[in-house]
Amino acid sequence: MFGLRQTGGKTWSARLTIPRDRQRDVGEAFGTKSGIKLDAIMSLQTRDKNEAIQRRGAVLETLRSQVNDEKLVALRQAAPLGGTHSHGAGCE
């Protein structure tokens with residue numbers, strides 16, 4: 001099923017695949033060892049497939065917001081608001 005994955009312990013998880021063009025910046029934002037994040041996974045805390053299907057949508061939305069929030073944090077750290085100034089003194 002799309003967005004679902006069953007672990008070895010038979011518990012279902014939601015899986016959000018990160019688009020290829022965002023894998024590097026999301027990986028850096030999450031601080032992965034390789035700097036690349038292929039997917040985000042969160043447990044649905046159930047062994048029942050029908051319950052997992054019902055819970056999947058809300059959990060995938062949570063994962064999407066986490067990925068987007070992490071990306072925004074990384075972008076803010078890379079380019080602080082206000083940008084850089086070409087002259088040496090700060091603007092007041």
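What is the relative accessible area of K10?

Author: Happy to walk you through it. K10 has a relative accessible area of 48% and counts as partly exposed, because buried means under 20%, exposed means over 50% and partly exposed is what lies in between (1.4 Å probe, protein chains only). Before we go on, please keep in mind that this is a predicted model, in which local features need pLDDT of at least 70 and side-chain atom pairs count only at pLDDT 80 or more, while totals for chains, interfaces and linings use all residues. Residues are numbered from 1 along each chain as its sequence is written, and side-chain values use heavy atoms, with hydrogens and water left out.

K10 sits in the loop between β1 (4-6) and β2; the elements are DSSP runs numbered from the N terminus, with helices (H or I) of at least four residues and strands (E) of at least two. The backbone at K10 deserves a glance too: its phi is near 70 degrees, a positive value in a residue other than glycine. Most residues other than glycine have a negative phi. Q45 also has a positive phi, near 55 degrees.

Q45 takes us to another loop, the one between β3 and α2. With a relative accessible area of 66%, Q45 is exposed. T46 lies in that loop as well, where β3 covers residues 39-43 and α2 covers 49-78. T46, however, is buried, at a relative accessible area of 12%.

Let's step to L44. Beyond its neighbours within four places in sequence, L44 is in contact with L4, W12, S13, A14, A52, R55, R56 and V59. L44 belongs to the largest nonpolar core, which has 13 residues; A14, L16, L44, L63 and V67 touch the most other members. Such a core is a set of buried Ala, Val, Leu, Ile, Met, Phe, Trp, Tyr and Cys residues joined through side-chain atoms within 4.5 Å. Both β2 (12-17) and α2 supply at least two residues of this core, and α2 gives the most, with five.

On β1 you will find R5. R5 is partly exposed, with a relative accessible area of 39%. Its contacts beyond four places in sequence are T11, W12, S13, R15, D39 and I41. The C-alpha atoms of R5 and S43 are 9.2 Å apart, though 38 residues separate them in sequence. Before β1 comes the segment that holds F2, an exposed residue at 69% relative accessibility.

Now for the wider setting. The chain has two helices and three strands, and from the N terminus on they run β-β-α-β-α. Of its 92 residues, 25% count as buried. Among contacts with a separation of 6 or more, 58% join residues 24 or more positions apart. E28 is exposed, with a relative accessible area of 54%, and its C-alpha atom is 9.0 Å from that of E70, 42 residues away along the chain.

Among the elements, β2 has the highest mean (95) and α2 the lowest (85). Residues 81-92 stay under 50, and the model has one contact beyond four places in sequence for them.

Technical notes: Contact = heavy atoms within 4.5 Å. pLDDT = per-residue confidence, 0-100.
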